[in-house]
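Hi,

Here is the structure I promised to pass along. Have a look at it first, and then read on for what I found.

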There are 4 protein chains.
Amino acid sequence: MDDDSRTTRWERRTEVPLAVASMLFLTSYAIRVLAHGLPEFWRSACLAVTLGTWTLFALDYTVRWRLSGSGPRFVTAHWLDTVVLVLPLLRPLRVVKVYETVRRRRGGPRLALHARVITYAGLAVALLGFAGALAVYQQERGAPGATIRTFGDAVWWTCATLATVGYGDVAPVTAAGRVVAVGLMACGLALLGAVTGSFSSWLLQVFSSEEGGGANGKPPGG
Amino acid sequence: MDDDSRTTRWERRTEVPLAVASMLFLTSYAIRVLAHGLPEFWRSACLAVTLGTWTLFALDYTVRWRLSGSGPRFVTAHWLDTVVLVLPLLRPLRVVKVYETVRRRRGGPRLALHARVITYAGLAVALLGFAGALAVYQQERGAPGATIRTFGDAVWWTCATLATVGYGDVAPVTAAGRVVAVGLMACGLALLGAVTGSFSSWLLQVFSSEEGGGANGKPPGG
Amino acid sequence: MDDDSRTTRWERRTEVPLAVASMLFLTSYAIRVLAHGLPEFWRSACLAVTLGTWTLFALDYTVRWRLSGSGPRFVTAHWLDTVVLVLPLLRPLRVVKVYETVRRRRGGPRLALHARVITYAGLAVALLGFAGALAVYQQERGAPGATIRTFGDAVWWTCATLATVGYGDVAPVTAAGRVVAVGLMACGLALLGAVTGSFSSWLLQVFSSEEGGGANGKPPGG
Amino acid sequence: MDDDSRTTRWERRTEVPLAVASMLFLTSYAIRVLAHGLPEFWRSACLAVTLGTWTLFALDYTVRWRLSGSGPRFVTAHWLDTVVLVLPLLRPLRVVKVYETVRRRRGGPRLALHARVITYAGLAVALLGFAGALAVYQQERGAPGATIRTFGDAVWWTCATLATVGYGDVAPVTAAGRVVAVGLMACGLALLGAVTGSFSSWLLQVFSSEEGGGANGKPPGG
């Protein structure tokens with residue numbers, strides 16, 4: 001895409017600080033939600049860290065926008081970055097990209113497409129699921145008539161939602177919790193699509209290579 | 001299809017009035033269902049608008065049937081128009097078609113197939129979901145033993161149904177509500193098929209292009 | 001497959017009687033389950049018709065086995081016929097085959113693959129769903145603590161199961177009802193696979209034909 | 001893969017004892033969970049057999065690791081064996097491999113890819129489902145407020161989970177039971193992917209062969 005040297009240099013320099021910041025973001029948010037008995041001072045500190053790291057992400061986004069010099073089209077052209085800005089929990093997804101860059105520099109082969117899709121989908125679902133469970137738990141724990149009362153309940157409910165199983169023994173009752181839930185359902189649909197699509201394209205590939213001659217029936221993650 | 005000039009001219013002339021009519025249709029139906037405290041006069045006005053706009057759609061369908069001059073086969077040959085006649089809420093789907101026509105005239109490229117499928121599926125599901133939630137809410141709100149008591153409940157239940165999650169914490173209890181629900185389940189299955197199918201065909205495409213040489217791993221919405 | 005003239009002649013002769021028999025089979029079973037107030041005589045008559053038509057199916061299967069002269073391998077080679085013998089409700093699926101034979105004789109084109117898959121899947125799911133609802137209702141209606149109390153409940157539950165939504169507001173509680181339910185779940189999975197697979201292969205086809213040159217974006221049912 | 005003669009010889013010699021051991025493993029675990037009134041002596045015997053057979057699997061894994069002489073990379077290169085070591089219930093999956101080896105020696109053709117995928121998926125899901133039902137039942141039967149009270153309930157719940165239907169009329173309430181449940185949900189997603197993927201690739205194959213000329217519309221299991 002933009003092999004502009006200034007953008008590349010900026011990205012190389014900010015890689016490590018931003019990875020640390022995204023870890024801090026997730027940790028501070030989790031502490032704020034999960035540690036009930038925390039004194040008010042530490043709770044405020046967590047909030048400050050959360051907001052501070054998010055400001056860093058916004059700054060990074062602005063700088064790269066300026067460097068690209070491409071005006072309002074930047075938002076749609078770098079839609080993945082825009083999504084990451086709004087949902088900073090997805091930032092660790094960049095780890096896969098970094099790992100691949102390192103690997104290619106050493107002359108190693110690229111990860112197979114299926115392995116990459118499954119790695120991305122697995123990581124994204126794990127991170128979004130954790131964040132979704134946190135957010136739903138924060139909304140539901142004090143609500144009257146709530147069935148999600150512990151963080152364990154929230155995680156259990158998140159797993160049932162992402163797998164599109166949906167037992168309904170626990171379910172959000174507040175409006176905010178249900179909005180988060182709809183987001184998680186969309187993730188579940190996408191996860192299902194990724195799993196099914198990978199399987200289907202892998203089968204087709206194996207089949208055509210079997211027909212061609214070499215019969216290498218290695219499964220997708222092999 | 002039918003590049004007959006009279007049909008084309010008719011379609012160009014009715015495009016804008018019918019788009020306005022379909023917006024009126026949806027709005028008047030929503031107002032009638034959602035505004036409880038509305039005086040009887042306004043409720044009747046809403047009903048009149050709903051029926052009036054639907055009559056417009058029926059008229060447009062009849063005129064195009066006549067212009068095509070193809071007898072009873074028109075119903076199956078233009079099955080999408082027939083579906084739109086019965087479910088006028090799907091009419092806004094034509095927006096995608098109009099947008100594409102405009103774009104091609106300006107020499108811009110067609111939307112990628114995956115982008116189109118996802119845009120159509122997303123729009124159709126949003127419109128059908130909204131209409132389904134309205135219809136279920138209308139049937140359920142007065143029923144004894146109903147669990148869907150507010151419009152928020154109806155929207156929440158619709159989302160859980162379309163994602164095939166189905167918690168069951170709220171569910172329709174009347175016969176009419178359940179018939180609408182079965183229609184929404186069919187939409188959910190189709191949505192799942194669209195998401196999964198797009199993913200799978202996108203993966204296969206990327207794979208074959210990677211094997212060919214160029215390694216452009218852009219995701220479907222890119 | 002077996003273009004042996006005796007088998008073909010047998011099949012042509014038995015086509016109509018067996019189609020009538022399968023309709024009788026389904027109707028008599030439905031009457032026995034649904035008509036509560038039926039006098040004992042008519043109930044026994046229905047049972048006799050059900051068993052009698054099934055005996056006809058078994059006879060037809062045996063005759064065709066003999067005519068084929070292929071020993072025990074017939075069971076696996078004609079697995080679809082074996083399945084139809086055990087689940088005679090699937091016999092109406094043959095209607096699609098008959099319709100196609102007629103069409104080809106008249107020189108008409110074959111139905112498109114997607115149209116055929118969707119027609120078969122739709123018919124099979126409708127028939128199995130109806131039979132499953134009947135069977136579950138028969139098991140559940142007298143059970144203590146049952147939530148499926150009317151045939152409407154059974155149909156509603158069947159739809160939710162086939163779409164893999166599974167609200168759980170009504171669910172079978174008897175062992176026999178749950179065995180039927182597991183069969184319906186398997187049908188639901190297969191239906192999902194058929195819908196998704198058709199969509200995915202249709203998308204890939206359209207894509208390759210678009211790349212080739214002709215841009216005919218007709219949807220599967222068109 | 002590793003056609004090293006020592007490894008091959010080891011595998012040929014241990015094939016039968018390990019198959020017997022895996023049957024013993026599953027049987028002793030099932031007896032321990034299901035036979036409530038068993039005297040303490042027999043319960044301990046079952047536990048001993050379970051642990052003993054697992055030690056055999058670990059020994060076999062170690063020996064093959066040594067014979068391969070490939071260091072720590074063995075764990076990822078033979079990831080299927082590693083998974084089987086941790087979940088010995090999957091060992092019977094090897095039966096498919098053994099059956100195919102025998103068939104090929106006799107000059108018979110390989111099973112079609114779809115038949116193999118469906119056989120593997122079906123066997124794996126049946127074994128994992130049975131083991132999952134046992135494990136969940138063991139965790140839940142004594143828990144306060146549990147809805148899974150009999151082994152029949154556990155099997156019913158497992159089927160609803162694997163089909164991603166998830167009624168929620170019975171659902172695990174203990175933390176350990178829910179962890180097993182999440183594993184079963186992942187199996188359900190994979191099963192859905194396998195069913196859908198097989199269907200989709202089979203459709204594409206049939207389509208391309210129909211276009212090519214020969215119209216052989218045999219279904220996947222034919």
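In this predicted model, residues 16-35 of chain A are 95% helix and 0% strand, with 28 Å between the C-alpha atoms at the two ends. Residues 179-204 of chain A are 100% helix and 0% strand, and there the end C-alpha atoms lie 38 Å apart. Both spans come from the UniProt record, an unreviewed entry, which lists residues 16-35, 41-63, 113-134, 154-172 and 179-204 of chain A under "transmembrane region".

On to the contacts between chains, starting with chain A and chain D. Here 26 residues of chain A are in contact with 31 residues of chain D. The area buried between chain A and chain D is about 2400 Å², and carbon and sulfur atoms give 72% of it. On the chain A side, the residues that lose the most area to chain D are A:W156, A:Y167 and A:L203, which together make up 28% of what that side buries.

What about charge pairs and polar contacts? Between chain A and chain D there is 1 salt bridge: the side chains of D:R178 and A:D153 meet at 3.0 Å, N to O. The count of residue pairs in polar contact between chain A and chain D, with both residues at pLDDT 80 or more, is 3.

Next, chain B and chain D. The same surface serves both copies, as 100% of the contact residues of chain B recur in chain D.

How many residues of chain B are in contact with chain D? The count is 5 residues of chain B, in contact with 5 residues of chain D. Chain B and chain D bury about 210 Å² between them, with 39% of that on carbon and sulfur atoms. Between chain B and chain D the count is 0 salt bridges, and 0 residue pairs are in polar contact with both residues at pLDDT 80 or more. The side of chain B that touches chain D has 2 nonpolar, 3 polar and no charged residues.

Enjoy exploring it!

Best wishes

Note on methods: Residues are numbered from 1 along each chain as its sequence is written. Chains are lettered from A and ligands numbered from 1 in the order in which they are written. This is a predicted model: local features need pLDDT of at least 70, side-chain atom pairs count only at pLDDT 80 or more; totals for chains, interfaces and linings use all residues. Side-chain values use heavy atoms; hydrogens and water are left out. UniProt positions are given in the numbering used here, feature names are shortened, and annotations may be inferred rather than shown by experiment. Helices (H or I, at least four residues) and strands (E, at least two) are DSSP runs, numbered from the N terminus. Contact means heavy atoms within 4.5 Å. Buried area is the accessible area (1.4 Å probe) that two parts lose on being put together, summed over both. A salt bridge is a side-chain nitrogen of Lys or Arg within 4 Å of a carboxyl oxygen of Asp or Glu. A polar contact is a pair of N or O atoms within 3.5 Å; within protein, one must be able to donate a hydrogen and the other to accept it, and residues adjacent in sequence count only if both atoms are side-chain atoms. Ala, Val, Leu, Ile, Met, Phe, Trp, Tyr, Cys and Pro count as nonpolar, Asp, Glu, Lys and Arg as charged, and the others, Gly among them, as polar.
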